[in-house]
Amino acid sequence: MVATQQTNENNQCEESGGRPLLEILDLSVGYETGSGLVRAVDHVDLSLYAGESLGIVGESGSGKSTLVMSVLRLLPLDKTVVTGTVLFNGVDILRCPQQEMARIRWKEISIVFQKSMNSLSPVHKVWEQVEDIYRVHAPGASKDEIRERILHLFNVVNLSPRVLELYPHELSGGMLQRVCIALSLVHLPKLVIFDEATTALDVITQGQILDEVMRLERELKLTSIIVTHDISVVAKTCKRVAVMYAGRLMEVGDVGTVLVEPLHPYTKGLISSFPPLTGTRKKITGIPGALPDLKAPPPGCIFAPRCPEALKVCKEKSPVPTVVSRDGEEHLKDVKFGPGESAGLRNIQVPPIGAHVVACHKYGGDDA
Ligand SMILES: Nc1ncnc2c1ncn2[C@@H]1O[C@H](COP(=O)(O)OP(=O)(O)O)[C@@H](O)[C@H]1O
Ligand code: SF4
Ligand SMILES: [Mg+2]
């Protein structure tokens, strides 16, 4: 009952003027280090509508965590240089007061990390921690109300109610991560981010949790971002995928398009680094070489030093993200573009949902 009411509230944002729930506009994030600025996220544009499930995939060190941590403003202010805009439901996340951010975390956006279970206190029972987290945003909530909400979520993530009476050390890693996933949903936030949330778990537990995430998406009309280095996780759980490399977006589009008929040479390499999920076995080729030094990225296309399809222009000019398919065009009619944005099909700031966007000179990304 409680869950249904909250779900309906959350669904209202789907009708919020046709704008995406989340808009990341020209976001760049650099970490200040003694030896220079690490350009972890470089001019990223990405948007997400309510009810969508977006996968962000890329090898380790591509900037995926930095990108999603910016959305929750979790980066250390004194050690990072952040430019661009993150709009969540109309709120300017990078510039809103701390008080507003505290309201948004857990209640509007929550995040589960790979090692979220380490954030649980070892000296308090799970129930005490649930109560504490719940009362951050609902100080007057009764024990019965909290219990009703958490037991509903425990049921969804397949945990027994008796877990509430246990200490974290009495639970397996998989159970702890389920507790964290349930906690991330306790206020039924509009957006949930899973950053490698199932990576450390065994394959069977990971499969169970991903099934539960998909069920949650259906039951609670959840909007989710699944961050992973594993394309099979994205293939299983997401409708749309953004492929990230060295801080930049390489390819964005529907999972069925990008993972089945990838255009960007990096996406092709990433897919060939994994065994095929179906069909005949084939040799895993992978991507020779390593990520570039993000303190001194190469000129031109950042993937050029590793790209088997590189052209002469690739070492000179950085390709711009370009819409290569009109599949998303029907969504454009509902999208109100703001100042500086364009509804044209090339070089737009916010790609329309469903559009297939590629940053590669082979696909017209040479207008920079
Ligand atoms: N606190 C930090 N200080 C300096 N560099 C960092 C810091 N955190 C991450 N980085 C660097 O930023 C880049 C992106 O890291 P990250 O966002 O964690 O990537 P991913 O999540 O894709 O593995 C990497 O080169 C990483 O070494
Ligand atoms: S722009 Fe050039 S180097 Fe970069 S991915 Fe495309 S073909 Fe390869
Ligand atoms: Mg990460």
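User: Where should I start if I want to know when a residue counts as buried, partly exposed or exposed?

Analyst: A residue is buried if 20 or more other C-beta atoms, placed from the backbone, lie within 10 Å of its own, exposed if 12 or fewer do, and partly exposed in between. This is a predicted model, in which local features need pLDDT of at least 70 and side-chain atom pairs count only at pLDDT 80 or more, while totals for chains, interfaces and linings use all residues. Residues are numbered from 1 along each chain as its sequence is written, and ligands are numbered from 1 in the order in which they are written.

User: Is A246 buried or exposed?

Analyst: A246 counts as buried because it has 24 C-beta neighbours inside 10 Å. A246 sits in the loop between β9 (240-245) and β10 (248-254), where strands are DSSP runs of E with at least two residues and helices are runs of H or I with at least four, numbered from the N terminus. Although A246 is not a glycine, its phi is positive, at about 50°.

User: What is the phi of E196, and where is E196 found?

Analyst: The phi of E196 is near 50°, a positive value in a residue other than glycine, and E196 lies in the loop between β7 (191-195) and α7 (203-219). E196 counts as buried, since 20 C-beta neighbours lie inside 10 Å.

User: Which residues come closest to ligand 1?

Analyst: A residue is near a molecule if its C-beta atom, placed from the backbone, lies within 6 Å of it. Ligand 1 is surrounded by 13 residues, of which Y31, A40, K64, S65 and T66 are the closest, and α2 gives the largest share of this shell, 3 residues.
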